[in-house]
Every structure is written in structure tokens, then in C-alpha cells.
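Here are some notes for a colleague who has not looked at this structure before. They take up the ligand and then the pockets.

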Amino acid sequence: MGKGYVLDADAAVLYEAQKVPAIFAPLAAATLAAVAPSAGATLLDLACGTGILARTARRRLGSAARVVGLDLSAAMIEVAAGVDDPAAGACEWVVGSALALPFADASFSDVLCQQGMQYVPDVEAAAAEIHRVLKPGGRVALTVWGPPNLFFTATAAALERHAGPEIARDWLSPFDFDGRSVLPAALLAAGFGTIETAPLVVERVMALPEISFPAEILSNPIGPKVAALGEDVLPRVVADAAPAVARHVAGDRVVMPQEALIVTATHA
Ligand SMILES: C[S@@+](CC[C@H](N)C(=O)[O-])C[C@H]1O[C@@H](n2cnc3c(N)ncnc32)[C@H](O)[C@@H]1O
């Protein structure tokens with residue numbers, strides 16, 4: 001199982017509705033702009049979740065490309081395959097593990113993984129699998145988050161007060177990964193060359209806190225634990241965290257930057 005990011009079917013639907021437009025779609029656009037795969041690419045979106053990076057790639061690259069999305073979670077893949085978008089219908093969707101990719105050697109020109117490597121239990125093994133399925137000269141691009149932004153830190157403080165320190169810690173776990181050192185080392189050990197690390201800053205755009213904060217929490221692995229504490233807990237967390245982001249409210253939106261890291265390498 002993935003360490004720390006397992007969503008049930010309801011949360012996977014909410015993930016697509018809330019987190020994808022808020023942050024994962026902007027990150028997918030920024031990642032594809034940075035990597036610029038060619039029109040005839042064979043591209044794997046590894047740990048694809050509900051498939052936003054694969055769909056965005058399919059739209060950019062057109063019908064000459066082959067785009068495959070793979071995720072450990074059958075619930076995420078079910079949502080990915082069912083998204084009402086022709087680009088989703090033009091991708092292949094596979095349930096599988098980053099540690100044992102169900103593809104032949106040298107199947108892909110590009111392997112992209114957006115916010116997935118921090119949950120893989122053995123990063124070196126995943127890097128070796130990525131190397132195996134890439135063609136010679138192929139490219140890998142991995143993104144992970146930088147430090148949490150104010151939305152995450154303010155919500156963590158509110159969670160600690162109303163839901164306890166363990167849930168607050170889990171909320172911040174996507175940021176608790178030293179990608180800057182772990183990822184280049186794993187890629188080097190797997191045989192990759194030309195390893196580069198760069199910052200990637202994207203705008204998180206959400207509805208006003210009373211709408212978006214509950215959806216963010218419920219589409220996170222901590223959601224069921226917060227809900228189980230009683231129906232008054234989530235509104236208290238939201239009311240406590242919301243004032244901290246007041247300066248980022250623009251009309252009916254909350255807009256704030258979120259820092260990520262992109263690590264790229266070439267199949268040597
Ligand atoms: C934060 S989500 C990111 C999903 C997607 N890349 C996106 O941008 O929306 C992390 C994803 O990693 C997947 N995951 C965790 N461990 C995995 C593994 N060992 N192999 C494949 N996918 C995994 C989870 O199921 C989850 O969908």
C-alpha cells in the first residue's frame with residue numbers, strides 16, 4: 001500500500017472535484033511546460049491519481065501520443081477513467097504499483113510523476129523501475145512539494161487544537177519528504193544521468209474557506225478521522241483556520257502560491 005495517501009471511493013471523487021482544479025491542474029500545466037514532451041511521446045503518468053497530468057498531456061500532445069496513467073488505488077483509477085473529458089477516454093488507465101510496473105522494458109519516452117514519490121515505500125526501487133520502462137534517451141520528471149504554504153500551516157494549527165497532534169501531523173505529511181536529496185540520489189543509483197533539480201511555483205486557487213477548506217480536508221486521507229470526531233469538529237477547524245488566509249482572499253477566491261520541486265533526469 002502507499003504510505004500515507006490512500007483515499008476511499010468518496011474521497012477520490014471529492015479529490016477530483018476539489019484538489020484537482022485547486023492545485024493539481026496548475027501543477028500539471030507547469031510540469032508539462034517544463035518538460036515539453038514531443039508530439040509522438042509515449043508517456044507514463046506514474047501515481048496518476050484521478051489522472052489530471054495524463055489528461056493534460058493528452059490534450060497538449062494530440063492523437064500521435066500514447067498516454068498511460070497508473071496508480072496503486074483502484075478508487076483513483078476508477079475516477080480517472082470515468083472523468084467526463086474526451087482526453088480521459090483517450091488515455092489508458094492501469095491499477096498497479098510503482099515498485100513493480102506492469103510494462104515491458106523500454107516502453108516509454110517520458111515518465112512523469114506528480115506528487116507521488118513521497119508515498120512510495122522504496123524510492124530507489126521505484127527509480128529502478130522507471131529506468132527499466134524508459135527507452136534509452138527517455139526522460140523522467142518527478143515533482144514533490146516544497147514547504148507547506150499558509151493554508152496548510154494554518155489548517156495544521158487548527159487541526160492540532162481541535163482534532164489532536166496526530167491528525168495535524170498527518171495533514172502535513174505530503175511536505176515531510178526531502179525530495180531535494182532523496183530523489184537525485186535514487187535516480188543516480190538507478191543509472192540516470194543529467195539530473196537537475198529546480199523550483200516550480202504554482203498558484204493554489206480555492207473557493208472561499210467555508211466551502212473549500214471542508215472539501216480539502218475530506219478529500220485528504222485524514223478526512224474520515226476528522227469526521228469520526230463529531231460533526232462539530234470540521235466547522236471548528238475551518239472557523240479557526242480561515243482568518244489566517246484573509247489577506248489571500250481575492251473576490252470569491254483564495255489565491256496563494258505553493259512551492260514545488262521538479263527533479264528531471266535522462267535515461268543514460
Ligand atoms: C497526492 S496523490 C497525487 C495524484 C496525482 N499524481 C495528481 O497529481 O493528482 C498521490 C497518489 O499516489 C498514489 N500512490 C501511492 N503509493 C503508490 C505506489 N506505490 N504506486 C503507485 N501509486 C501510488 C496514491 O494512490 C495517490 O493517488
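1. In this predicted model, a polar side-chain atom of D71 sits 2.6 Å from an oxygen atom of the ligand. When the ligand is taken alone, 600 Å² of it is exposed, and the protein buries 98% of that area.

2. A nitrogen atom of the ligand has a backbone N or O atom of A98 at 2.9 Å. For L72, the distance from a polar backbone atom to a nitrogen atom of the ligand is 3.3 Å.

3. Which residues come nearest to the ligand? There are 17 residues around the ligand, and those that come nearest are Y15, A47, D71, A98 and Q114. Sorted by class, this shell holds 9 nonpolar residues, 7 polar residues and 1 charged residue.

4. The ligand takes up the space of the largest pocket. The volume of this pocket is about 640 Å³. Its lining is made of 39 residues, of which Y5, A47, D71, Q115 and Y119 are the closest to the pocket centre.

5. Which elements give two or more residues to the lining of the largest pocket? They are the helices α1 (9-35) and α2 (52-61), together with the strands β1 (42-46) and β2 (66-71). The most comes from α1, which gives 5 residues. By class, the lining of the largest pocket has 23 nonpolar, 11 polar and 5 charged residues.

6. The residues that line it are A34, V35, R139, V140, A141, T194, E196, A198, I262, T264, A265 and T266. Of the residues in this lining, 7 are nonpolar, 3 are polar and 2 are charged.

7. Where does the lining of the second largest pocket come from? At least two residues each are supplied by α1, β5 (134-145), β6 (192-207) and β8 (253-267). β8 gives the most, with 4 residues. For α1, a part in the lining of the second largest pocket goes along with a part in the lining of the largest pocket.

Technical notes:
Residues numbered from 1 in each chain as written. Predicted model: local features only at pLDDT ≥ 70, side-chain atom pairs only at ≥ 80, totals over all residues. Heavy atoms only, no water. Near = heavy atom within 4 Å. Polar contact = N/O pair within 3.5 Å; in protein donor to acceptor, adjacent residues only side chain to side chain. Areas by Shrake-Rupley, 256 points an atom, 1.4 Å probe, with all protein chains shown as cover. 1 Å grid on protein atoms, 1.4 Å probe; cavity = no way out; pocket = protein on both sides within 12 Å on 5 of 7 lines; lining within 4 Å. Sits in = over half its atoms within 2 Å of the grid points. Nonpolar A, V, L, I, M, F, W, Y, C, P; charged D, E, K, R; others polar. Points joined across faces, edges and corners; volume = space filled by probe spheres on them.
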